[in-house]
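Open your viewer and get ready to select a few stretches of chain. We will go stop by stop, beginning with a single side chain and widening out from there.

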Amino acid sequence: MDVHAVARALVGALFLVDGVGGIVVEVEAYQPDDPASHAYRGPTHRNRSMFGPPGHLYVYRSYGVHWCANVVCGPEGVGMAVLLRGIEPTDGLARMRARRGVEDRLLLCSGPGRLTQALGVTGAHDGLSLDRPPFRLVPAGVPADVVSSPRVGISRASDVPWRYSLRDSPFVSRPRPRA
């Protein structure tokens with residue numbers, strides 16, 4: 001599968017973990033020849049799920065602090081994934097607020113670390129299939145109005161426009177992409 005097509009298709013999809021989540025509004029694409037990708041140097045113990053079958057979750061710790069969740073888009077043996085960066089919270093708001101200690105809906109899931117904390121995603125979810133509980137991933141009914149911009153929070157290949165966002169969504173993380 002083309003990682004960019006998967007990234008665009010994820011924007012507007014409903015993503016829930018144990019009934020908590022919302023509409024995906026921001027993602028970033030990573031492919032094997034991308035120096036910013038965890039797959040760039042090949043499979044390791046840490047990134048093995050990224051090389052697994054498509055439709056599974058690749059979860060890793062960022063800087064030893066935050067969990068980050070990626071949708072693997074394969075094919076198996078090829079490290080390609082889409083990082084979930086932002087969700088518009090719609091389901092399980094009370095659980096998200098309790099997990100994050102934040103009332104403001106705009107701050108619950110805007111950014112990959114906030115998103116995983118709000119949804120309760122941890123390393124225990126690494127490698128799990130997205131087509132069975134605790135996950136529910138429902139494609140958008142109609143294609144979303146997606147804009148692309150440079151990825152953020154990385155030092156290599158940060159100029160490529162592989163960050164995909166729902167146009168004008170207030171739930172996208174900062175810096176907000178320009179339309």
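Does Thr116 count as buried or exposed? Thr116 counts as buried, because its relative accessibility is 1%; buried here means under 20% relative accessible area, exposed over 50%, and partly exposed in between, using a 1.4 Å probe and protein chains only.

Before moving on, a word on what is on screen: this is a predicted model, where local features need pLDDT of at least 70, side-chain atom pairs count only at pLDDT 80 or more, and totals for chains, interfaces and linings use all residues. Residues are numbered from 1 along each chain as its sequence is written, and side-chain values use heavy atoms, with hydrogens and water left out.

**Stop 1: around Thr116**

Keep Thr116 selected and show its contacts (heavy atoms within 4.5 Å). Apart from neighbours within four places in sequence, Thr116 touches Trp67, Cys68, Ala69 and Val121.

Now select residues 112-119, helix α3, where Thr116 is found. Helices (H or I, at least four residues) and strands (E, at least two) are DSSP runs, numbered from the N terminus. Helix α3 is largely enclosed by the rest of the structure, because 6 of its 8 residues are buried. Colour them to see Pro112, Gly113, Leu115, Thr116, Ala118 and Leu119. Their cover includes β1 (14-17), β2 (20-30), β4 (66-72), β5 (81-91) and α2 (93-100). Just after α3, look at Gly120, which takes a positive phi of about 75°.

**Stop 2: strand β4 and its partners**

Select β4 next. With 5 of its 7 residues buried, β4 is also largely enclosed by the rest of the structure. Strands pair if DSSP finds at least two bridges between them. On one pairing, β3 (residues 57-62) runs antiparallel to β4 over 6 bridges. The hairpin of β3 and β4 has 3 residues between the strands, and Tyr63 there takes a positive phi near 55°.

Which residue in β4 stands opposite Leu57? Click on Val71 in β4 to find it. Val71 also stands opposite Val82 in β5, the strand that runs antiparallel to β4 with 3 bridges joining them.

Follow the loop between β4 and β5 to Pro75. The peptide bond from Gly74 to Pro75 is cis, with omega near 15°.

**Stop 3**

Another cis bond runs from Pro133 to Pro134, with omega near 20°. Look for Pro134 in the loop between α3 and β6 (135-138).

Then go to the loop between β1 and β2 for Asp18. Its phi is near 50°, a positive value in a residue other than glycine. Asp18 counts as partly exposed, at 48% relative accessibility. In the segment after β8 (163-166), select Asp168. Asp168 has a positive phi of about 65° although it is not a glycine, and it is exposed, with a relative accessible area of 68%.

**Stop 4: the second largest pocket**

A pocket is an open set of points on a 1 Å grid over the protein atoms alone, where a 1.4 Å probe fits, with protein on both sides within 12 Å along at least five of seven lines; lining residues have an atom within 4 Å of a point.

Select Arg8, Ala9, Leu10, Pro139 and Ala140, which lie nearest the centre of the second largest pocket among its 13 lining residues. Helix α1 (residues 3-10) gives the most to that lining, with 4 residues.
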